[in-house]
Amino acid sequence: MAKDFSDFDDDSPDDLGGDTLAFAARPVRIPLIIAALAAVVGAVLAATSTADFVAHLDRQVHDIHCSVMPGAEAVRGESGCRTVMLSPYSSWFRASYWGGVPVALFALAVFAFLAYRAGHLAARGKPTRAEAGFLLAGMGLPVLMSSIFGYLAAAKVGATCTVCVGMYVSSGVGFAAALAAFFMVTPTGQPDTKAVQGFVVSFVEGCAFVGVLFLAYLLFVPQVEAKAGRGPAGCGTLVEAGDASGILIDLAIRPGAAPSIELLDPLCPACRAFDERLAASGLAERLSQQAVLFPLDATCNWMVKSSLHPGACAVTEAMLCDRAAAPKILAWAFTHQEALTELGRKDEAGLRSKITQEFPGVGACLGSPQAKNAVVRSLRWAVANALPVLTPQLFVQGRRVCDEDTDLGLEYTLAHMLEGHK
Amino acid sequence: MNPIALRALLGAPALVVPTLMVASWLGSANTRLQAADPTAAENEVAIASVAEDAYCTPKLKSIVRRVAGACGLLGGAGRGCQPMEAQQVAQLSDEDFNALFRPLAQRAHIIQYDADATDLDAAGRTAVEKAWADQRGASFFFVVARASPDGKTEHNEALSAGRANSVLDHLVDKFKDPEIKKQVGLLWLGESFAQLGEEFCGWDRSHQDTACTAKEINRSAFVAWIDCAI
């Protein structure tokens, strides 16, 4: 039987050691090659993801690769990959480094190491049970991480990254191949005296791969000098931070926390995403949060030529009409943002009636001259402070968080801005 | 092949290639970051500002500024202008003065009063609130009150002053906006200056369902936001 496979292996059955079955040793190269290829594919995808992430460290907007097809073009607009990349789960050490260290970098290190290990075993063609076991354990790591990050993407982020899915699949294929290789290497029946030593050496090698890439990242990660108009120094200050017109909305007042004002539009997807990022960062707990409403809807906002978010004026009126319920109205608007925007585009009266139905407290105020006047006063707060016509904007203790720092660099910038405030 | 050499032959590129790639990407990002002008993107974004409508010609703005300044608006006092003052600071004939407001046909409301009355009726109050709520990006709310030529000139001047003030009082009472007095400019013209012609009967007026002659249209306060950055 063993002779049937001799053509597939350069190693003579004699080289396999007396206790290793020739039958199992020869075809074990096939799953090892598959495992190595799967790890190479995983490494390529992890490298793609790392490159996309690193490109954004220049604080600009870049295209993102969101396809597992080789040569597929990167895309600029919204995509699952962009959503996942901007989520707080895409990198670690975010408060210490601008953007943090991408998880994809660790994936790249692990896949590169596993490609090397599987490739080495396939080239040598004589894996011991311990070596195959280590490879299996190593392949289990990306499977475990794939499960965790797959869950986070589905349950927390609500978006799927195609490149990440490619890595999940590579992990699964690699693990299955390593499992097959492991079972194809039959135990010798005698203690492997070098098993522990080999395991330790491989483990150290694996750690070296991760450590070297991590250190290289920390060594070369872009840094900017802290000065006005950049980073934690902020991009300008509020000229008139007061609330003479009574339009500030209390979102979450926390005594002793740093006062913050967010300029937002309740139907703005970027504001919702920003709100989610801020909540996920854990830094919102250190802010006493107020908001100024700035609907980018031409029906009430003379500063925009066309309505970017139709219906935002109506929702804004509702929040200013029932200020106690404003945080609830905002949460509701964020949850049903697409549907409300669509309704606002087609039938604003219908949107107003839906708001009244959901929040009876706004009652007769919605649509009244007082409500419209309150919206104008809210908009004029931005005029008095000569703010850019865009949302969201965050002011911490009167200092404006630069736009470039509101996504990947949010935790780093906020953590540094809050350093002086205990 | 020597097992260690084989291991090194396969392991070294597996480690070095990704490391060099990552270092290269980071270096490029750093170069772009240091070269970028952080204010460039922000300079392309519009800054929130008050409205500046197409009808805001330099001449109109100059006159509005002169009237607003002389009548106390720019100082925030909002004391209002009397007929002679208005005529003097505007330096315009009656017809030219009224012509200034013609571009506001879609923006202005004419609040009408009963004969010899200064109180706002229900329709008048609603019209004033509607006009005020439609501020948008405008900076000044002009209230130009008049009286019909019936009766004595002094009495008509007092009537128009009362009408202008009734609008301001209602706004203060209804909206409780601390900024109101900095934004509302009152001009009371009595019967002496810039009487409205019957063509203004076609404008948005509070007594829409009643007959409109030159007398009725001048028993009024003409209210409008001026969409000019003064």
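## Two helices of chain A

Helix α2(A) and helix α6(A) are roughly antiparallel to each other; angles over 145 degrees count as roughly antiparallel, under 35 as roughly parallel, 65 to 115 as roughly perpendicular and the rest as oblique. The model is predicted: local features need pLDDT of at least 70 and side-chain atom pairs count only at pLDDT 80 or more, while totals for chains, interfaces and linings use all residues. Residues are numbered from 1 along each chain as its sequence is written, and chains are lettered from A and ligands numbered from 1 in the order in which they are written.

Two packed helices are described by the angle between their axes and the distance between the axes. Here α2(A) covers residues 29-55 and α6(A) covers residues 162-184, and their axes come within 8 Å and cross at roughly 160°. Helices (H or I, at least four residues) and strands (E, at least two) are DSSP runs, numbered from the N terminus. Axes are lines fitted to C-alpha atoms, for helices over the stretch in contact, with angles from 0 to 180 degrees between N-to-C directions.

The residues that make this contact include A35(A), A38(A) and G42(A) of α2(A), and G166(A), S170(A) and G174(A) of α6(A); two residues are in contact if their C-beta atoms, placed from the backbone, lie within 7 Å. By class, the contact has 17 nonpolar, seven polar and no charged residues. Ala, Val, Leu, Ile, Met, Phe, Trp, Tyr, Cys and Pro count as nonpolar, Asp, Glu, Lys and Arg as charged, and the others, Gly among them, as polar.

## Domains of chain A

Chain A is divided into domain 1 (2-220) and domain 2 (231-417), with bounds from an automatic or database domain assignment. The centres of the two domains, taken over C-alpha atoms, are separated by 44 Å. Nine residues of domain 1 are in contact with 10 residues of domain 2. The side of domain 1 that touches domain 2 has five nonpolar, two polar and two charged residues.

## The sheet of chain A

Five strands of chain A form an open sheet in the order β3-β5-β4-β6-β7, with mixed pairing. Two strands pair if DSSP finds at least two bridges between them. Strands β3 (249-252) and β7 (399-400) of chain A stand at the edges with a single partner each, so one side of each is left without a neighbour in the sheet. Strand β4(A), residues 258-264, runs parallel to β5(A), residues 287-293, and seven bridges join the two. In this pair, P259(A) stands opposite S288(A).

## Backbone details

Most residues other than glycine have a negative phi, and most peptide bonds are trans. F93(A), which is not a glycine, has a positive phi of about 60°; F93(A) is found in the loop between β1 (91-92) and β2 (101-102) of chain A. The peptide bond from T391(A) to P392(A) is cis, with omega near 0°.

Chain B has an open sheet of four strands in the order β1-β4-β2-β3, with mixed pairing. Its edge strands are β1 (109-112) and β3 (184-188) of chain B. Strands β1(B) and β4(B) run antiparallel and are joined by four bridges, and Q112(B) stands opposite S220(B).

The contact between the chains takes 41 residues from chain B and 51 residues from chain A. On the side of chain B, α1(B) gives the most, with 18 residues.
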